Amino acid sequence: MTAAILTPVHTTATTADATRTEHDCIGELQVPASAYWGIHTQRAIENFPVSGVPVSRHPELIQAYALVKQACARANVQLGGITKTQGRLIDTACRDIYDGGFNDQFPVDVLQGGAGTSTNMNMNEVIANRALEIGGYEKGDYSVIHPNDTVNKSQSTNDTYPAAVRLSLVFALRTLIRSCDALAMSFLALSHRTENIVKLGRTQLQDAVPMTFGQEFGAFHTVLAADAKKLNAEIARLSVVNLGGTAIGTGICADARFRGLVTKELRSVSGVSVTAAEDAVAATSDMADFVDTSSQIKRLAVHLGKIANDIRLLTSGPQAGLVEIHIPARQAGSSIMPGKINPVIPECVNQSVFTVMGMDTTVSCAAEAGQLQLNAFEPVIAHSLLDGITILAHAMDTLRTNCVEGITVNEQIGLARATNSASLATSLNGYVGYEEAVRLAKKALAEGRSVHDVAVDEGVVRREILDDVLDPLKLTRLNK
């Protein structure tokens with residue numbers, strides 16, 4: 001039969017509640033006639049009504065799984081495991097799914113038992129039924145293309161699901177890295193604009209020595225840029241897959257040539273430099289790469305939270321706080337206090353950071369809980385990581401566009417505090433000694449005067465020297 005490319009119409013079963021009958025090893029079950037999924041997916045829908053969050057929440061995972069299945073089909077055609085016609089129909093179906101037109105056909109809860117089997121079978125069934133539709137056949141006509149025997153040929157959940165998760169994390173990390181780089185560059189631009197504007201540094205929330213606003217914002221850029229590099233390094237680790245290992249890594253039910261061939265095909269269809277794991281048995285059960293990825297995401301979250309905290313402190317006020325910077329007013333801050341404006345964007349970022357902290361704990365617990373040749377808890381690892389990455393990327397984007405790009409600094413307050421701080425006595429240690437510098441600092445504080453004026457009056461150091469060593473801007477550049 002000549003294949004006709006049909007445009008899918010995703011209707012629900014509301015049309016007289018039409019169904020079709022499918023069967024599995026347990027028995028028969030009614031499946032909505034309009035659904036591209038089948039009996040295995042239907043059972044999973046009924047078995048896991050837990051979080052209310054479907055797999056479709058993570059389009060990266062659906063895209064990645066479609067690419068994995070596409071690579072497997074191409075390898076199977078070359079090895080004679082499926083016919084060229086079956087391969088062509090499956091290949092087209094996988095492209096359609098990758099393009100996002102079938103995301104609503106992945107309704108299984110993210111918190112599913114079975115180590116991802118429900119998601120794998122959901123994918124197998126949607127591919128099979130879409131391929132049948134493309135070929136002009138009825139959904140459920142599995143004598144032509146079968147979810148297990150054809151779409152899942154030479155595969156197991158235990159090698160395809162980890163490969164799809166890894167690939168989805170590569171896609172998601174690319175987005176996160178772009179958001180991180182963009183935020184870092186925004187801070188770098190802010191640093192350049194304020195590189196010569198003096199302010200007072202602080203340690204333990206107490207006055208320290210002078211610095212510039214540019215140095216403070218530049219430090220934010222530095223840590224974020226380093227985080228982006230760390231995350232980029234994770235991509236190479238996640239690009240090692242156990243495809244071809246099938247059930248436990250031994251490759252049962254797969255041609256010995258399949259593993260190398262499918263890895264090559266996955267590189268081709270995904271554009272990711274995937275390689276085959278040296279030890280497929282270890283790779284099937286080991287979750288260490290996910291733990292490492294989670295740790296690097298948490299590292300970024302820690303830095304982002306600290307930055308948000310600093311912004312909230314620096315903008316505190318407007319009358320009784322530090323008020324050293326101004327951030328854009330985004331919304332009214334109180335339902336009762338007129339005119340109050342709160343730092344809502346940094347607060348939102350902080351809450352995103354807290355969520356990522358929980359993500360990291362979940363991933364660690366799930367990775368440790370694996371037993372023997374498989375970790376049954378990979379679905380919650382995948383969901384937690386993909387959710388955490390998405391949240392953190394969005395948090396950085398909103399911090400950049402709704403806050404950082406609109407930051408201005410209070411130059412007058414910054415200079416006044418740096419000039420009049422008793423901490424400037426630190427630079428006199430080499431001239432009068434620590435004890436004398438302490439005395440001058442305490443006297444300046446007690447009299448409400450600058451260290452410069454006190455030192456001039458007492459004549460302990462020549463005025464021209466004091467003018468030089470107590471210049472706040474010069475003090476910020478001693479390391480150059």
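**Close-up 1. Tyr-36 is a buried residue in this predicted model, with a relative accessible area of 0%.** Buried here means under 20% relative accessible area, with over 50% being exposed and anything in between partly exposed (1.4 Å probe, protein chains only). The charged end of Lys-139 sits over the Tyr-36 ring, 4.5 Å from its centre; for such a contact, NZ of Lys or CZ of Arg must be within 6 Å of the ring centre and within 35 degrees of the ring normal.

**Close-up 2. Tyr-36 meets Phe-102 in one of five aromatic pairs found in the whole structure.** Rings of Phe, Tyr and Trp (its six-membered ring) pair if their centres lie within 6.5 Å, and planes under 30 degrees apart count as stacked, over 60 as edge-to-face and the rest as tilted. With centres 5.0 Å apart and planes at 85 degrees, Tyr-36 and Phe-102 are therefore edge-to-face. Phe-102 is buried too, at 2% relative accessibility.

**Close-up 3. Phe-187 and Phe-220 make an edge-to-face pair.** Their ring centres are 5.1 Å apart and their planes stand at 75 degrees. Both Phe-187 and Phe-220 are buried. Look around them and you will find one aromatic cluster, formed by Phe-187, Phe-213, Phe-217 and Phe-220.

**Close-up 4. Arg-166 lies over the face of Phe-290.** Here the distance to the ring centre is 5.3 Å.

**Notes for all views.** Residues are numbered from 1 along each chain as its sequence is written, and side-chain values use heavy atoms, leaving out hydrogens and water. As the model is predicted, local features need pLDDT of at least 70 and side-chain atom pairs count only at pLDDT 80 or more, while totals for chains, interfaces and linings use all residues.
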